[in-house]
Amino acid sequence: MNWTNVATVYAKELKDMLRDRRAVLSMIVVPMLLMPVLIFSMARIGAKVASKAREEVPVVMIIDGADAPAVIEGLKASKKFQVVPTTDNWKEQISDKKIRAAVRVPSGFEQALHTETPANVAIYNYQGEIKSELAANELDHFFRDLRDKTITARLAQRSLPATLIKPFDILRENVAAPEKVGGNMLGGFLPYIIILFSLTGAMYPAMDLTAGEKERGTMETLLCTPAARTEIVLGKFFMVLTGSVAAIVLSLVSLGISGALLASSVSGAMGGGGRGMAGLLPTIAPLGLLGVLVLILPVAVSLSAIVFTLALFAKSYKEAQTYVTPLIILVIMPTAIGMMPGIELNARMALTPILGLSLVCKEMLSGVWHWHYIGIVWVSYCVYAVLALTLAVRMFKREDVIFRT
Amino acid sequence: MIEAHGLTKVFRDKKRGVINAVDGVSFTCRPGQIYGLLGANGAGKTTTLRMLATLLKPTAGHAVIGGFDTVRQSQDVRRCVGFLAASTAIYARLTAREAITYFGQLNGLDLPKIKERVKTLADGLEMHAFLDQRCDKLSTGMKQKVSIARTLVHEPSVVIFDEPTVGLDVLAARALLGFIREYKSQGRTIIYSTHVMSEVEKLCDVIGIVHDGRMLAEGTLSELRVKYGETDMEEIFVKVVGGTS
């Protein structure tokens, strides 16, 4: 093995790639820009929708309740919603978003409150629609408030203490370390991003350096040189790996910067009083992130080698795209399963390609180190990487692959 | 020196079945000689040359170049061969200088030697004006000069040209033929494959006519003229391959 030849091929491919706008776009620009654009646009849209929904005074209807004038007056006097005259098609109006919610005050409601007989108030809304949910919440608050006042009055009438119906309070407190909470929240998302960018970063160089070269006729020129096939494969492969690793690192850096900028902008928007906002953003264990990066290296190697081998078999760039693109789905599916709550790591899961990796990363980011599972995942990906690379070298030596017409 | 002994190449294609692309081709080309391999499209010229350049392995037969077997000592063969074909393109995103340097490095030359070779080749091929331009900005003739330079950067003792004048204008083609003659005068072994009869007449010392993968005739131009009773190379070719004139 002449490593000078490997380095020569690699240096040439790197120079070539950096002069290719499409390569720069897929390896550098997309990973760098996608995260800030995604995070900021989602945060902006989310904040805008929420604030718009909160600013709106929801329009509601009251069904029945003619014999409960005090309650109706109370509803009409509330500034939290605007009561409009009731129509028969109130259900359609909710569905058409013309009104946000409706409340049915049962017949004899006020009488029932006086006589202490049970009664049911029904609130109708458009489930899942944020403005309708907010309107229903306001109506709910109104009637809970009325219920609390009624209870207090009844207890007072009987000279009974308030603790009679509320003997104790329930407090809920998080005892998990912030990085564990953050790891649990981000643990599913980060491996997803890393694996996805590992694949997409490798895709363009792999296709360009194999099928693209065949199509442009430069592969034959290269094969005429005394450089051994293995040296050429390794030189090209290291370039594909560079694309993959560059995409991972740049996407993580970009994610970190975007998160920090978002935290500071939220803090700033709250006039300095938002010191705690940065704390609300999930934090992850720094060692966990380092562990993920170490673990991801054999993954990047094996994914790069698989993409490289598939693309090598194609005779044109277009054909290579046909072979390589379905890999995205194959990689995304198990990663998405790993993001689901309740999926827990065990030996079988650890051995499942991609899914095992996703779950191990999730645990490491939470500060949990199951060394035997980490070992299983690391070793299995090293094996995949060696197998895929050996296959790539074998394919490169086959003239029916290189001169496929 | 090139010695081809019964070179045979069989391809198996799902649609077309078994294809005998080259069928027992034998010939010898000595140093200081230009061997013209003449044949129509699909005659088996390029496959023969690819076997000599070690890109393809012969199904049967063997070839020895510069004393090295093309299968068992393929890397040694590639060290002493320069191969230029229509299918050997240059890197569009590299400059002419970078492309030549890259192939010099892969051929084991050190940087001072490469620098010297780039200057010599640029002088000989009149390339100085576009040496630092990217190859995708060059004309067809300029690109062909870059290809020739990368083929010869390591001063190969054997040079294989497969239809090198395709796409070139008359002046560029003449200049190329002149360059090949000069290279021959340095005692190199040259194979020149073409289907342009006039180029064969002007350039080649020995001519081999291949058709359907087989070597049908071989000899100097005067020997072929005597054997087939024709003076015009095109008429000789048509007689050999059994077509109608």
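Strand S6(B) gives the largest share of the lining of the largest cavity, with 3 residues. Keep in mind that this is a predicted model. So what else is around that space? Helix H5 (140–152) of chain B joins strand S6 (81–85) as an element that gives two or more residues to the lining.

Chain A has a hand in the lining too, through Thr221(A), Cys224(A) and Thr225(A). From chain B come, among others, Val81(B), Gly82(B), Phe83(B), Phe103(B), Asn107(B) and His154(B). Arg78(B) and Arg150(B) are also on the list, along with Thr151(B).

As for the space itself, the largest cavity holds about 70 Å³, and the count comes to 1 cavity of 30 Å³ or more. Here's how its lining divides by residue class:

| Class in the lining | Count |
|---|---|
| Nonpolar | 4 residues |
| Polar | 6 residues |

Now for the nonpolar packing. The largest nonpolar core has 155 residues. Leu357(A) is one of those with the most contacts inside this core, and so are Leu52(B), Met127(B), Val146(B), Ile207(B), Ile209(B) and Met233(B). Which helix gives the most to this core? That's H12 (residues 286–313) of chain A, with 12 residues. There is also a second, separate core of 14 residues, including Val60(A), Ala101(A), Val103(A) and Ala135(A).

Leaving aside neighbours within four places in sequence, Ile209(B) is in contact with Leu38(B), Met233(B), Ile236(B), Phe237(B), Val240(B) and Val241(B), among others. Arg214(B), Met215(B), Leu216(B) and Ala217(B) touch Ile209(B) as well.

Definitions and conventions
Residues numbered from 1 in each chain as written. Chains lettered and ligands numbered in written order. Predicted model: local features only at pLDDT ≥ 70, side-chain atom pairs only at ≥ 80, totals over all residues. Heavy atoms only, no water. 1 Å grid on protein atoms, 1.4 Å probe; cavity = no way out; pocket = protein on both sides within 12 Å on 5 of 7 lines; lining within 4 Å. Points joined across faces, edges and corners; volume = space filled by probe spheres on them. Helix = DSSP H or I, 4+ residues; strand = E, 2+ residues; numbered from the N terminus. Nonpolar A, V, L, I, M, F, W, Y, C, P; charged D, E, K, R; others polar. Core = buried A, V, L, I, M, F, W, Y, C linked by side-chain atoms within 4.5 Å. Buried < 20%, exposed > 50% of the residue type's maximum accessible area, 1.4 Å probe, protein only. Contact = heavy atoms within 4.5 Å.
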